[in-house]
Amino acid sequence: MVSTLKLATWNVNSLSVRLPQVLDWLAAQSPDVLALQETKLTDDRFPFDALAEAGWQAQCFGQKTYNGVALLSREPARETQRNIPGFDDEQARVIAASVGDLRVIGAYFPNGQEPGSDKFAYKMRWQDALREWVRAELAVHPALVLLGDFNVAPEDRDVHDPVAWAGQIHCTPEERAQFQALLALGLHDAFRLFDQPPRSWSWWDYRNLAFRRNQGLRIDHILVSDALRARVRACTIDKAPRRNPRPSDHAPVIVEIEAG
DNA sequence: ATGGCCTTGGTACAAGGA
């Protein structure tokens, strides 16, 4: 029997609010690794105990009110790295660790707010730094997964209404070029390694009945390195948690990788 | 319609998200 590793990413929009849903989802899906974004918790408030009781190890890197990332895993994580080395950042957006034979980088990319804004410039600068660090990580760890909330819809087919969104945040040429520059390091969008249903999104606005109308964006991604590409068996978006009462606005994305 | 929802902080509403 060939065993597979299951990794997932989920922007939970407050781990305090979503903890019961995260525990339910972990029990149902039993992933090997779950990368969380927007935990919105300082590390002293991280729910280690509830997760440990359910059998999950946790590495966290949080801050008050905004951002915050974590890696949950069945097996202990090694060589944990918080944020991008050499890039001075007050915002908690990256947590990386080794699990099994994989290097796993969980990331919450800046939103960017509006093209031309200071926040957009930060989004670009942050991605320049991330890319150079990932390049170095790939040289040391060829079996690498970069997953998280990338805050970019890579192509028009990742947008429910490409005309309305043209040039808007998440859809600008600059953001899409950044995504392509990541792929150019030798990474692959795991979701697009497979035939997928049309109109597949990972985020739906809370407003306008957007989920019911399936009006969303695919902005949460899992990139796998060249060395892993042939081992990827599936990549899916799990819409079920978006149907929960009080859901996150994002759905989890899951990848299955043949064990090395 | 520069909207509509959700979360935090904090206790009214502003900021941020996408």
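**Sheets, helix packing and the DNA-facing surface**

Six strands form an open sheet in the order β5-β6-β7-β8-β12-β9, and their pairing is mixed. The edge positions belong to β5 (78-82) and β9 (187-189). Each has a single partner strand, so one side of each is left without a neighbour in the sheet. From one strand to the next, the twist averages 20 degrees. The model described here is predicted.

Within this sheet, the pairing of β6 with β7 can be followed in detail. Strand β6 covers residues 94-99 and strand β7 covers residues 102-108. The two pair in the antiparallel sense, over six bridges. In one of these pairings, I95 has G106 of β7 as its bridge partner.

Helix α3 connects the description of the sheet with that of the helices. This helix lies across β7, β8 (144-149) and β12 (220-225). Relative to β7, the direction of α3 is at about 170 degrees. Helix α3 (residues 118-140) also packs with helix α5 (residues 173-183). The angle between these two helices is about 5 degrees, and their axes are 10 Å apart. Angles under 35 degrees count as roughly parallel. Helices α3 and α5 are therefore roughly parallel to each other. On the α3 side, the contact involves M124, Q127, R131 and V134. On the α5 side, E174, Q178, A181 and L182 meet them. By class, the residues of the contact of α3 with α5 comprise four nonpolar, two polar and two charged.

Strand β4 (residues 69-73) has partners in both β2 and β3. Strand β2 (residues 33-37) is joined to β4 by five bridges, and the two run antiparallel. Here L34 stands opposite L72 of β4. Strand β3 (residues 57-61) is likewise joined to β4 by five bridges, again in antiparallel fashion. In that pairing, A70 of β4 is the bridge partner of C60. Five of the five residues of β4 are buried, so the strand is largely enclosed by the rest of the structure. Burial extends to both faces of the strand. V69, L71 and S73 point one way from β4, while A70 and L72 point the other way, and all are buried.

The surface around DNA strand B was examined next. This surface contains 23 residues. S14, T65, N111, Y206 and R207 come nearest to DNA strand B.

S14 is placed in the loop between β1 (4-11) and α1 (15-29). It has 15 C-beta neighbours inside 10 Å and therefore counts as partly exposed. Residues with 20 or more such neighbours would be buried, and those with 12 or fewer exposed.

Q113 has a positive phi as well, near 60 degrees, and is a residue other than glycine. Q113 lies in the loop between β7 and α3. With 13 other C-beta atoms within 10 Å, Q113 is partly exposed.

Conventions:
Residues are numbered from 1 along each chain as its sequence is written. Chains are lettered from A and ligands numbered from 1 in the order in which they are written. This is a predicted model: local features need pLDDT of at least 70, side-chain atom pairs count only at pLDDT 80 or more; totals for chains, interfaces and linings use all residues. Axes are lines fitted to C-alpha atoms, for helices over the stretch in contact, and angles run from 0 to 180 degrees between N-to-C directions. Helices (H or I, at least four residues) and strands (E, at least two) are DSSP runs, numbered from the N terminus. Angles under 35 degrees count as roughly parallel, over 145 as roughly antiparallel, 65 to 115 as roughly perpendicular and the rest as oblique. Two residues are in contact if their C-beta atoms, placed from the backbone, lie within 7 Å. Ala, Val, Leu, Ile, Met, Phe, Trp, Tyr, Cys and Pro count as nonpolar, Asp, Glu, Lys and Arg as charged, and the others, Gly among them, as polar. Two strands pair if DSSP finds at least two bridges between them. A residue is near a molecule or strand if its C-beta atom, placed from the backbone, lies within 6 Å of it.
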